[in-house]
Amino acid sequence: MTRQKIYDLINAERDRQNELHPENKHTPMEWAAILSEECGEAVRELNRLQDNEAGADINKAIAELIQTAAVCVRILEGG
Ligand SMILES: [Mg+2]
């Protein structure tokens, strides 16, 4: 996947998150919890791939990694 494609996916996910939660304002600690949840989901999907678990899917891992990156962007935009 190209870097531009990755950035496009992150940008699309940011738009989706804004549509879902347009007014979200969180404290730094709340953002830490949200980011940890997304990161944990990404790690779970990567572990499933590593262990060749039934239902493991690279697209699920990609989706969770993109969601994690989008939360990072949201925090950098000012929470
Ligand atoms: Mg997720």
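The structure described here is a predicted model, in which local features need pLDDT of at least 70 and side-chain atom pairs count only at pLDDT 80 or more, whereas totals for chains, interfaces and linings use all residues. Residues are numbered from 1 along each chain as its sequence is written.

The protein contains three helices and zero strands, where helices (H or I, at least four residues) and strands (E, at least two) are DSSP runs numbered from the N terminus, and its order along the sequence is α-α-α. Along the principal axes, the C-alpha atoms fill a box of roughly 40 × 30 × 20 Å. Of the 79 residues, 11% are buried, a residue being buried if 20 or more other C-beta atoms lie within 10 Å of its own, exposed if 12 or fewer, and partly exposed in between, with C-beta atoms placed from the backbone. Among contacts (C-beta atoms, placed from the backbone, within 7 Å) between residues at least 6 apart in sequence, 68% join residues at least 24 apart.

Helix H2 comprises the 23 residues 28-50, and its end C-alpha atoms are 32 Å apart, which agrees with the 33 Å that should be spanned at 1.5 Å a residue; the expected span is 1.5 Å times one less than the number of residues. Asparagine 52, which follows H2, has a positive phi near 50°.

Two packed helices are described by the angle between their axes and the distance between the axes. Helix H1 (residues 3-20) packs against H3 at an angle of about 70°, with the axes 9 Å apart; axes are lines fitted to C-alpha atoms, for helices over the stretch in contact, and angles run from 0 to 180 degrees between N-to-C directions. H1 and H3 are therefore roughly perpendicular to each other. In this pairing, Leu9, Ile10, Glu13, Arg14 and Gln17 of H1 meet Ile66, Gln67, Ala69, Ala70, Val73 and Arg74 of H3. By class, this contact of H1 with H3 has six nonpolar, two polar and three charged residues, where Ala, Val, Leu, Ile, Met, Phe, Trp, Tyr, Cys and Pro count as nonpolar, Asp, Glu, Lys and Arg as charged, and the others, Gly among them, as polar.

Glutamate 64 lies in helix H3 (residues 58-76) and counts as partly exposed because it has 19 C-beta neighbours inside 10 Å. Leaving aside residues up to four places away in sequence, glutamate 64 touches Glu38, Glu41, Ala42 and Glu45.

Key
Two residues are in contact if their C-beta atoms, placed from the backbone, lie within 7 Å. Angles under 35 degrees count as roughly parallel, over 145 as roughly antiparallel, 65 to 115 as roughly perpendicular and the rest as oblique.
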